Amino acid sequence: MLVVDDFDSFRMTVSRMLLEFGCARVDTAVNGQEALRLCEDTAYDLILCDFNLGRGRNGLQVLEEMRHKSLLRKSTLFLLVSAESSREIVLAASDYEPDGYLTKPLNGKALRQRLDRALHQRNAMKPIYRAIDEDHIDAAIVLCLQHIDDGSRYSILCQKLLGKLYLQTGKLELAEQVYRQVLEVRDMDWAQVGMAKVKRAGGDTATAVGWLEKIVEQHPLCLQAYDELADCHQALGNNDQRQAVLERAVEVSPVALVRQQTLAQVATENNDKIAAAKTYRKVVKLSDNSIHDNVENYLAFTRAAAAVFTEDEAVGREMLRDAVAVIDKVEKKFGKDDGRRRQLQLIECQLQVHQGNAKRANELFLEANTQMDDLGLQDIDTELDRVMAMQALGQPDKAQLKLKDLVAAFAEDQAALQKIDRLLEEPVSEENRRQVAKINKEGIHLYEEKSYLAAIECFQRAKRMFPMHTGVQLNLVQALAGQMRSGDPNPEWMDLALHCLKSVEAMLTATHPQFQRYRQLLQMVRQVEMERKQQGLKS
């Protein structure tokens, strides 16, 4: 047995209780680091770990790291102990799925009862877990079936495990049979999620989505359903829906780092700058002491914080101090790295511009730019950081020339071209060219059907993905004008139309192919504005 707690009195009291219960050996650890070290040398039957371990890892981070490093056997029981009863912590504990959750203060009788139940279950299930640990999946399946046929008190647990094993081994019909049998008796959310997994594994992702949407509606705390639903939307290429599902999941359980990290990445892919910056800020905060702590999250946060100024200056200013503090922290936390230092200099340059410190911004850019000129072509992220710094410093012509060079230099790298696309008027990557054509076609069809609101949503999505695309912005203006002319008095439509026209005006010259269309739409919007004012006067 292992007891992990930063309070001497708790460790001594619980250790004494366990010895009185007949435990042959009880080790103790004062913090997560010591617990991890002990687990590297010893395979414990039971770990009792406090949530709050003082400085360093908390109990959930210890569990997360033990699993990540495969320090826990399937048969090891990990019980989380805590005086915390907040919804956030309880849900987080549920999300990490320890084998039990005990609330402080503990008394001998209650602890004995919980341990007896947990150990009895562990002993009954031990042959199955051993078979799984040794990768004897067929044997584990047979043992599960024996428990179920014998009417064991752990039949439900065995059915849950059996469904997973059938899924793992591709026996989809048998997995579905298990889940259906469970659902005929009780409305268990894990069995419903299992059914959705069967459908998805069988290629019927649309049906899986239907199942999962019902589950999250009926069981809003079933986080596994959100994760599976997000994965389904990813498989279907529905990145907006994927982001929306993950946003709902992190509202339910806000301290689960990996899910927050996935949401931040998806928001970045969707070019949702505000969501990306806010979520990456949470990721950096949550990742302290976590096995998933990663310098890339720090870079992503500072980059997102600098980019958010183009979307919403107020949000950008709210992020500014944290972003600069994170830049100061990176070298101390992750060590020196010349390439990373140049990236941070270019990102900080943008932040210093927004802080009004032009001198410092120019110094940072000059140092990084000189080094990059000497070194030659860098990775695409660093090169784009340089372009963004040029734009922030008011050097649009240099930025455009650099983008042109990058398109040529990364011509054979579709992933790099997709990143460059965000800064181009027309995408150059095959995937993004296909996407923008598809969204435009869909939006135009909706406009022609006079479904203006749906067309607006469609073109807004495209504008977010390709903010420099003049054709998309003008299509959006046309859909907005259609909606306003249909009698919708919402003033946001006029504000958005004028914002798009102003944005397009800044990018066009009189010889641009879209210039005449821009003029026509400008005239149309002005006419709509005049008609709305006249109607306002009449009423």
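**Entry 1: a ring pair**

I started at Phe334, which counts as partly exposed at 28% relative accessibility. My cut-offs: buried is under 20% relative accessible area, exposed is over 50%, and partly exposed is in between, with a 1.4 Å probe and protein chains only. Before going on, I noted that this is a predicted model, where local features need pLDDT of at least 70 and side-chain atom pairs count only at pLDDT 80 or more, while totals for chains, interfaces and linings use all residues. I also noted that residues are numbered from 1 along each chain as its sequence is written, and that side-chain values use heavy atoms, with hydrogens and water left out.

Next I looked up aromatic pairs. Rings of Phe, Tyr and Trp (its six-membered ring) pair if their centres lie within 6.5 Å; planes under 30 degrees apart are stacked, over 60 edge-to-face, and the rest tilted. I got four aromatic pairs by this rule. In one of them, the ring centres of Tyr298 and Phe334 are 5.0 Å apart and the planes stand at 75°, so I wrote it down as edge-to-face. Tyr298 sits in helix H15 (residues 295–307) and Phe334 in helix H16 (residues 313–334), so the pair ties together parts 36 residues apart in sequence. Helices here are DSSP runs (H or I, at least four residues), strands are runs of E (at least two), and both are numbered from the N terminus. Is Tyr298 buried or exposed? Tyr298 is buried, at 0% relative accessible area.

**Entry 2: the whole chain**

I stepped back and counted 26 helices and five strands in the protein chain. The C-alpha trace spans about 85 × 55 × 50 Å along its principal axes. Of the 539 residues, 46% count as buried. Then I checked contacts, meaning heavy atoms within 4.5 Å. Among contacts with a separation of 6 or more, 57% are between residues 24 or more positions apart.

**Entry 3: helices side by side**

Two packed helices are described by the angle between their axes and the distance between the axes. The axes are lines fitted to C-alpha atoms, for helices over the stretch in contact, and angles run from 0 to 180 degrees between N-to-C directions. Under 35 degrees is roughly parallel, over 145 roughly antiparallel, 65 to 115 roughly perpendicular, and the rest oblique. A crossing is left-handed if the near helix is turned anticlockwise from the far one by less than a right angle, and right-handed if clockwise.

My opening pair was helix H2 (residues 32–41) and helix H3 (residues 59–68), whose axes come within 10 Å and cross at roughly 30°. H2 and H3 are therefore roughly parallel, and their crossing is right-handed. Gly32, Ala35, Leu36 and Cys39 of H2 meet Val62, Glu65 and Met66 of H3. I sorted these into five nonpolar, one polar and one charged. For the sorting, Ala, Val, Leu, Ile, Met, Phe, Trp, Tyr, Cys and Pro are nonpolar, Asp, Glu, Lys and Arg are charged, and the others, Gly among them, are polar.

The H5 and H6 crossing is left-handed. Residues in this contact include Ala124 and Pro127 of H5 and Leu143 and His147 of H6. By class, I have ten nonpolar, one polar and no charged residues for H5 with H6.

**Entry 4: two buried spots**

I found Glu176 in helix H8 (residues 172–185), buried at 17% relative accessible area. Not counting residues up to four places away in sequence, Glu176 touches Met195, Val198 and Lys199.

Asn271 is in the loop between helix H13 (257–269) and helix H14 (273–286). Asn271 is buried too, at 11%. What does Asn271 contact, leaving aside its neighbours within four places in sequence? I listed Arg422, Arg464, Met465 and Pro467.

Most residues other than glycine have a negative phi, and most peptide bonds are trans. Ser70 has a positive phi, near 55°. Ser70 lies in the loop between H3 and strand E4 (77–82) and is exposed at 61% relative accessibility. Glu97 also has a positive phi, of about 55°, in the loop between helix H4 (87–96) and E5. Last, I checked the peptide bond from Lys104 to Pro105: cis, with omega near 0°. Pro105 is in the loop between strand E5 (100–103) and H5.
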